[in-house]
Amino acid sequence: MATLYDILNAKRVALIGSGQENDIVLADPETSPQHCQITKIDDERFLIVDLNSASGTFVNNKKIDKEFISDADFITVGNNILQIRKKIADPIAAKPAQTDIHPISETVPSLSTSTGNVRSDSFSGTTNRPADADKHKSKITVYFMSAPEDETICQAIDKHLSTIRFNSPLPIEIFGDYKVPPGADVNQYRQKLFGADIVLALISVDFLNKDECYERGQKVIVNYNEHRTILLSILARNCMWKATPYAQVPILPRNGQPLNNKQFWNSEDDALTEVVKDISKSISELTSQSSPHKPVQPERPVQKLEVDWQKSFLWKAFWKRVAASFLDALIISLPLILVFLKAIEDSFFDPFTVFFYYVLIEMLQIIIFAFMESSSWKGTPGKIIMKLQITDNDGHRISFGKSVWRNVIKLLISATYAIPDWGKFLYWGYVAAQIVNYSKTKKFFHDQLTNTVVGERLQ
């Protein structure tokens, strides 16, 4: 069978693409009809030119327009990796390409995994070595698993990984929902997640709350438990993540500060650099394990993660929030109520006086809550005790006005209990509706209406 080297030796020019008119035909959705062209300059040098392809042409994981290369360089075209070699040249593809080129080696799925329950101050890229880790890997695949709201963060991390990709001894392929090529079969492309060597889970309130993310994450956790993938958690935005299984794998950044915490990071680049450093450790570990000369190491135990975790997580978070509210009632509301009762003690419960003091107490409570939530404390005493904090969706401290509105919603509902006759039914009806809404949306009404997030306390 003719190799890419043979074609170049005979014609000096080789066209590569998905169209049948090309010298090398690669039938995959990420390869353009006429993707790139390689010209032989002499026996040692070749010129590769990208022909305005949709997904781009890469040499040693670096995107190029045109580049001089040698027979030792790796060329990525769509899902295929080629090399100009005198004996064989391959596309190492997700599925066999329609060409007569022999593969360099079969793609070997990774059976490595990261150790369980790693503290932020003791992170290691070390992974468990699977039974077949001594087989030589031809490439490393990385998949970003995220909610759509966090795809811009994925793109930023991807950009910062370019240096690692360029210097890696093995080709590194990066996939993610944000990289689906135009016209490609989306469902087929997204299946790459379940065969990836490394999965980067972007943790945020949207990731934890979306059913689709949960279902895909379950399959990834199964692969992790069975040593088929390395799973790393990246804290994109703060949320109540410590009650999830993603807290039991290495969490990046190691200091536990979410990437969007502008009050901690000097710049976005600083945050991304910290994340990429630790991703590179896992890549290096996986690369070294793939060496055919590396002796087999004994496998280390792994803490298996809970696959069906969402139900227990939701109610752990729910009762933690309820406990915080109860503590606030004891610390703030109860003293105000006692003051209220003392104030009306000599008024013989005159309706106007009672109403006046009741409104005054409620206003004071709203102001106290709003002051604390909009301050550097980012929470009321109950939230602080339960190690929670409140921010907006972007992780910023909420404004005093937003906190006032949030607490007005909460107190108006609780005030219905005091309405004569049917007030109690209205109040308990609201409580039931709140529980039903939380079980479906994973959020409370006042969180939804004010676009606020209650997450783990960062200080």
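This is a predicted model: local features need pLDDT of at least 70, side-chain atom pairs count only at pLDDT 80 or more; totals for chains, interfaces and linings use all residues.
Local features need pLDDT of at least 70, side-chain atom pairs count only at pLDDT 80 or more, and totals for chains, interfaces and linings use all residues. Residues are numbered from 1 along each chain as its sequence is written, and side-chain values use heavy atoms, without hydrogens and water.

**Cavities**

A cavity is a set of points on a 1 Å grid, over the protein atoms alone, where a 1.4 Å probe fits but cannot get out. Points are joined across faces, edges and corners; a volume is the space filled by probe spheres set on them. Four cavities reach 30 Å³ or more. Helices (H or I, at least four residues) and strands (E, at least two) are DSSP runs, numbered from the N terminus. The largest share, four residues, comes from α8.

**Sheet**

Five strands form an open, mixed sheet in the order β2-β1-β3-β4-β7. Strands pair if DSSP finds at least two bridges between them. β2 (24-25) and β7 (66-69) are the edges; each has a single partner strand, so one side of each lacks a neighbour in the sheet. β3 (36-40) and β4 (46-50) pair antiparallel over five bridges. Gln37 stands opposite Val49 in β4.

Note on methods:
On a 1 Å grid over the protein atoms alone, a cavity is a set of points where a 1.4 Å probe fits but cannot get out, and a pocket is an open set with protein on both sides within 12 Å along at least five of seven lines; lining residues have an atom within 4 Å of a point.
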